[in-house]
Amino acid sequence: MRRDHALLAMFVAAACTLASSAAAAPSLPPQPATLKANAALAKTLPFSDRQDFEDAQRGFIGTVPDALVTSADGKRPAWTMQPYEFLKSDTPADSVNPSLWRQAQLNAIHGLFQVSDRVYQVRGFDLANMTIIEGDSTLIVVDPLLSGETARAALALYHAHRPYKPVGTVIYTHGHVDHFGGVRGVIDEAAVNSGKVQVIAPAGFMETAVAENILAGNAMSRRSQYQFGTYLPPGVRGQVDTGLGKALARGTVSLIAPTSSIVKPVEQRTIDGVQFEFRLVPGSEAPAEMLIYLPQFRILDMAEDITHTMHNLYTLRGAEVRDGNLWSKYIDEARVAYGERTDVLMAQHHWPITGSARVISLMKKQRDMYKFINDQSLRLLNRGYTANEIAETLRLPASLENEWSARGYYGTLSHNAKAVYQKYLGWYDANPANLNPLPEGQSAKKTIEYMGGAKAVIARAREDFGKGEYRWVASVMNNVVRAEPSNRAARELGADALEQLGYQAEAGTWRSAYLVGAMELRSGVPKISVGSSANGDTLKAVSNDLFFDFMAVRLDAVKAEGKHLVINWNFADSNEQFVLTLENSALTHIAGQQADADATLTLTRAVLDAVTLKQTSFSEAMLTGKMKVAGDRAKLAELMAMLDTFEPMFPIVEPKP
């Protein structure tokens with residue numbers, strides 16, 4: 001067996017391991033209601049329109065077999081398209097929504113593509129795209145993917161087909177990890193420190209690059225396993241696509257801090273003979289984001305503000321709600337500024353489109369899509385509709401509904417409408433019955449009791465399952481499982497219902513969420529070791545202020561009950577000072593101050609990072625002289641003993657122990 005075949009076999013085997021424990025409870029094939037729903041949808045959409053496939057294949061230069069990228073140790077794939085060979089069938093599998101099948105086929109196209117003279121993209125080698133612009137003597141790389149392994153492979157693919165030039169500039173369009181995490185695959189920090197390479201990012205990049213994932217990071221990470229189907233085996237009954245791209249690469253995440261920031265709303269620069277116009281769009285798809293216009297080539301790069309899908313105003317992994325009204329305005333401002341001057345619109349996901357008329361048309365439709373969701377959700381909530389009622393009521397206008405780029409493959413109209421409600425009104429629907437309801441477990445037990453007990457509920461639910469009422473069956477079985485976690489019949493029937501919903505889902509994110517839920521109902525929470533994404537690079541984006549905020553999040557209030565302590569922190573490398581105070585089971589800090597404290601610590605940020613990464617401990621740092629303590633040393637140990645450790649694989653579809 002050739003080495004690459006062996007790696008592929010290892011990848012598939014690893015992906016299937018988590019599902020193997022469910023072998024005693026095999027999944028059901030698509031049921032009649034699912035077959036009917038998917039067939040009905042197929043009749044409503046313009047599948048004869050192949051323009052997207054032409055666009056996605058335009059400019060193809062070359063690729064490597066299966067887009068195979070090996071891990072740093074060479075023992076496993078960091079990325080491969082081989083498990084998605086099933087998508088080559090022109091006939092959608094009956095267990096996959098036909099619209100999602102089409103999007104998944106488009107996202108399976110991989111390789112190096114020429115966008116225009118001197119502008120190239122590597123697509124299908126990670127969740128995002130890497131854009132490569134040829135300067136006079138160096139390369140300008142826009143968004144170096146998620147992992148160092150895939151970024152290095154993407155650059156190697158480019159160099160295999162184009163004259164060699166070194167990378168002289170890296171540009172981050174925004175602070176989501178799939179757009180910066182592979183930076184060490186294309187440059188090294190020594191070259192940056194020497195001034196040979198520059199890194200450019202929008203204002204606020206470092207403050208927001210990891211901050212969004214720190215305070216609620218453990219919960220977000222676990223929830224993202226549902227959103228992306230991280231542990232689902234690829235296949236017609238498994239993971240098919242995320243809607244935004246194929247999947248997440250499995251490799252090494254890194255971060256090199258920007259050497260220069262774009263701070264003006266619109267800023268022009270010439271980089272190695274290439275003219276750039278940067279346009280800041282903070283608070284659109286990311287807290288810090290920017291668009292790029294290349295006037296020499298009449299190319300507009302919309303970063304992630306325009307893609308070939310409805311994006312998320314609310315992401316299922318969890319995050320602050322995005323402003324659809326602001327997002328729409330940014331798109332329109334870009335249309336006015338660049339639409340008539342643009343021959344090619346590209347983004348850092350999906351494929352470019354060509355022709356000024358098509359560019360303007362797409363920009364208008366994406367503008368109006370986000371504006372429609374925002375305004376119509378607000379209209380309905382002002383008429384007294386709840387979030388769920390808005391989601392059930394709202395429908396895109398016919399002029400958008402059949403547009404492939406407005407279909408909900410990643411975001412959906414349903415959960416985006418709920419996001420607008422959440423943004424403006426929050427969780428409470430104003431019905432006092434929902435103001436202080438019983439906790440979920442207690443409510444489930446009473447509900448099942450009122451319905452005649454679990455046995456009777458399951459019997460009736462089986463009848464409804466036969467009628468195709470999967471949403472209701474999933475809901476009521478959730479109550480039974482909450483009331484009786486070990487009820488095997490309820491878990492199996494709930495899994496069956498979620499699975500059918502997954503087979504019908506047009507959104508790759510919804511499909512993955514349903515199928516992961518079904519897997520965990522059948523087999524329990526996967527017993528796997530989940531490593532932290534924190535490393536020396538990513539910790540650079542965590543300010544001392546944010547570090548202390550996260551320490552406060554970890555405080556176990558019960559353990560802290562009745563305790564009071566004050567600790568001064570002095571960072572010798574940055575001359576920053578903080579006072580950390582524990583009182584009333586709350587851990588607060590204030591910068592630029594020192595107090596009459598129980599203990600005063602003097603250290604560098606490097607020592608704190610080493611402790612965070614478990615490369616050393618505070619005790620060892622004191623012993624080696626890397627940290628000095630004046631006062632009561634025991635107070636630091638007392639504080640650390642009160643900090644909680646979060647379980648990364650907490651249960652979601654079953655009650656917590």
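This is a predicted model: local features need pLDDT of at least 70, side-chain atom pairs count only at pLDDT 80 or more; totals for chains, interfaces and linings use all residues.
I started with Arg482, which is buried, with a relative accessible area of 12%. My scale for that: buried is under 20% relative accessible area, exposed is over 50%, and partly exposed is in between, with a 1.4 Å probe and protein chains only. Residues are numbered from 1 along each chain as its sequence is written, and side-chain values use heavy atoms, with hydrogens and water left out.

Which residue does Arg482 meet in a salt bridge? I found Glu440, at 4.0 Å from N to O. The term takes a side-chain nitrogen of Lys or Arg within 4 Å of a carboxyl oxygen of Asp or Glu. Arg482 lies in helix H16 and Glu440 in helix H14 (residues 440–450), so the pair ties together parts that are 42 residues apart in sequence. Helices here are DSSP runs (H or I, at least four residues), strands are E runs of at least two, and both are numbered from the N terminus. Glu440 came out as partly exposed, at a relative accessible area of 47%.

I searched the whole structure and got 31 salt bridges. I then looked up Glu520, which bridges to Arg222 with the closest N and O atoms 2.7 Å apart. Glu520 sits in helix H18 (residues 508–523) and Arg222 in helix H8 (residues 217–228), so this pair ties together parts 298 residues apart in sequence. Buried or exposed? Glu520 counts as buried at 1% relative accessibility, and Arg222 counts as buried at 0%.

Glu392 belongs to helix H11 (residues 387–393) and Arg471 to helix H16 (residues 470–483), so parts 79 residues apart in sequence are tied together. Glu392 is partly exposed at 45%, while Arg471 counts as exposed at 55% relative accessibility.

I also noted a network: salt bridges that share partners join Arg488, Glu492, Asp496, Glu499 and Arg522.

**Aromatic rings**

Next I went through the rings. A pair of aromatic rings is described by the distance of the centres and the angle of the planes. My rule: rings of Phe, Tyr and Trp (its six-membered ring) pair if their centres lie within 6.5 Å, with planes under 30 degrees apart called stacked, over 60 edge-to-face and the rest tilted. That gave me 22 aromatic pairs.

I checked Tyr120 and Tyr158: their ring centres are 5.8 Å apart and the planes stand at 70°, so the pair is edge-to-face. Tyr120 is in strand E5 (residues 119–123) and Tyr158 in helix H5 (residues 148–161), so the contact ties together parts 38 residues apart in sequence. Tyr120 counts as buried at 3% relative accessibility, and Tyr158 counts as buried at 0%.

How are the rings of Phe547 and Phe548 arranged? With centres 5.7 Å apart and planes at 80°, I logged them as edge-to-face. Phe547 is buried at 14% relative accessibility, and Phe548 is buried at 1%. Both belong to one aromatic cluster, together with Trp569, Phe571, Phe578 and Phe618.

I looked up Trp351 too, and found it in the loop between strand E15 (344–346) and strand E16 (353–354). At 4% relative accessibility, Trp351 counts as buried.

**Surface patches**

Last, the surface. Patch residues have over 30% relative accessible area and no salt bridge; like charges are joined within 9 Å, and nonpolar side chains (Val, Leu, Ile, Met, Phe, Trp, Tyr) within 5 Å. The areas come from the Shrake-Rupley method with a 1.4 Å probe, and for residues only the protein chains shown count as cover.

Which residues make the negative patch? I have Asp545, Asp549, Asp573 and Glu576. Asp and Glu count as negative, Lys and Arg as positive, and His and the chain ends are not counted. I placed each charge at NZ of Lys, CZ of Arg, CG of Asp or CD of Glu. Glu576 lies in strand E18 (residues 576–583) and counts as partly exposed at 35%.

Leu215, Val553 and Phe646 make a nonpolar patch of about 220 Å². Leu215 is in the loop between helix H7 (205–209) and H8, partly exposed at 39% relative accessibility.
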